[in-house]
Amino acid sequence: MPPMTISDSGWRRVSEFADRLILEDRVPSLAVVAGGRHRPWRSHFAGLPTEAGTASVGPDTIFLVASITKPLVAMAAMQQIERGRLTLGDRITDYLPEFGRHGKYGVEIRHLLTHTSGLPDMLPDNQELRQQNAPLSRFLQGVCECELSFAPGRGVQYQSMGFVVLAEIVSRLAGAPLPELLAEEFFIPLGMSATALGGPDAWWTGTPPVVDRIAEVRLPEAQVHGPDWNWNSRYWRQLGAPWGGLLTTAGDLAAYARMLLNGGVTPSGRRLLSQASLAAATTNQLACMKDVPEDERRCRPWGLGWRLHWPAHSANFGDLLGPRTFGHWGATGTVLWMDPDAEAFAVILSTQPQEPAGGQLARLSNLIAASWRQAD
């Protein structure tokens, strides 16, 4: 395919729609960045990061991107596979013997990465744990004690708790806490200076502190009365939940997306991921799981940590992306996608929860996809 670029008229429609979302109070704050593998990217920022603040959203505004965290953790696992420390077929009990309780012996690494483990999305006492400001070790303990919804590899059930287990295994293999590992292996080489899995203590000091740049999420009803544990609390911002605790800017996440489109290589030429890893991570892994229902394998495919193209599902990604598109979304109102055929990516970060339909994100995604044209 010839090189693509974003048309001026197309980007104007993107910007006008984004501004309208803010004006009509459908979204409190919004940061949009789109671009290509080698082409300069476009950006648009709108809204206020906090209800009480006066500063506008800008390139340095930090967002809680929720489940976009998951594929970034998955890529850290792929690094361990590249380095000979792990295989997709390894059983979780090879690394965490205590995980095998209640019939979970058959769960493999591949099941965690494809949402086919049978683990729950959240623990039954998730809210109680957060109200207690529980550490991640308590969540891991809860996963080890829980039962599966179905035998591994026999169904698809979105499972945040699988990434608690995956994160623990990756950290043990690498000999470093996951936040440090992600920073050293990905964020620092990519210049993602405003990105962290759990904000460090230093973000709460200084004049002004970095924490003042974090956009507040418009909370769902279930979290409104939880100032000590909701998405905007210090506890949650620092927990570093491997299923949803990443804090980043639109520009930083765009740098990560461009690295993926460039085959795992940074602009300076440093390779962070092999082409083999990326090929596996962005291929339909459900296709060879014969016991997964056919409609899941064909219509709602997953790679390794990445959601792939769902042809009859408008939510979050929209309707106009290519068949090899991969990406993820987040419950706080965020979406990231990359289309390798068009060599294009989009980052949409907001503070308006979009579940379950992701309608505003889908419309904005459609406008971005429609703005691309062949370069002159």
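**Helices, strands and salt bridges in the predicted model**

Helix α9, covering residues 250-261, has twelve residues and spans 16 Å from its first C-alpha to its last, close to the 16 Å expected at 1.5 Å a residue. The buried residues are Ala250, Asp252, Leu253, Ala254, Ala255, Tyr256, Ala257, Met259, Leu260 and Leu261. After α9 comes Gly263, which has a positive phi near 75°.

On the α2 side, the contacts involve Lys70, Val73, Ala74, Ala76, Ala77 and Gln80. Their counterparts in α6 are Phe163, Leu166, Val170, Leu173 and Ala174. The spacing of such positions can be read against helix geometry: an α-helix has 3.6 residues a turn, so residues three or four places apart point the same way.

Glu168 pairs with Arg172, and the closest N and O atoms of the two are 2.7 Å apart. Because Glu168 and Arg172 are four residues apart in α6 (residues 161-174), about one helical turn separates them. Both partners are partly exposed: Glu168 has 26% relative accessibility, and Arg172 has a relative accessible area of 45%. Elsewhere, salt bridges that share partners link Arg154, Lys290 and Asp291 into one network.

The salt bridges in the model number 16, and two further examples can be described here. In one of them, Glu24 and Arg26 bring their closest N and O atoms to 2.6 Å. Glu24 is partly exposed, at a relative accessible area of 43%, and Arg26 is likewise classed as partly exposed, at 30% relative accessibility.

The other example is the salt bridge between Arg37 and Glu343, with 3.3 Å between the closest N and O atoms. Arg37 sits in the loop between β2 (29-36) and β3 (42-47), while Glu343 sits in the loop between β8 (334-339) and β9 (344-350), so the pair ties together parts that are 306 residues apart in sequence. Arg37 is partly exposed, with a relative accessible area of 27%, and Glu343 is partly exposed too, at 30% relative accessibility.

A hairpin connects β2 to β3 through five residues. The two strands pair in the antiparallel sense over six bridges, and within this pairing Ala31 stands opposite Phe45 in β3.

Antiparallel pairing also describes an open sheet of three strands, whose order is β4-β6-β5. Its edge strands are β4 (63-64) and β5 (196-197), each of which pairs on one side only. Strand β6 (residues 246-248) and β5 are antiparallel and pair over two bridges. Ala196 is found opposite Leu247 in β6.

Two individual residues complete the description. Asn366 is part of helix α12 (residues 359-370) and counts as buried at 17% relative accessibility, because that value falls under the 20% cut-off. Leaving aside residues up to four places away in sequence, Asn366 touches Gly318, Asp319 and Leu320. The C-alpha atoms of Asn366 and Phe17 are separated by 11 Å, although the two residues are 349 residues apart along the chain.

Ser277, in turn, belongs to helix α10 (residues 275-281). Its relative accessibility is 6%, and Ser277 therefore also counts as buried, being under 20%. With residues up to four places away in sequence set aside, Ser277 touches Met78 and Glu82.

Technical notes
Residues numbered from 1 in each chain as written. Predicted model: local features only at pLDDT ≥ 70, side-chain atom pairs only at ≥ 80, totals over all residues. Heavy atoms only, no water. Expected span 1.5 Å × (residues − 1). Buried < 20%, exposed > 50% of the residue type's maximum accessible area, 1.4 Å probe, protein only. Pairing = 2+ DSSP bridges. Salt bridge = Lys/Arg side-chain N within 4 Å of Asp/Glu carboxyl O. Contact = heavy atoms within 4.5 Å.
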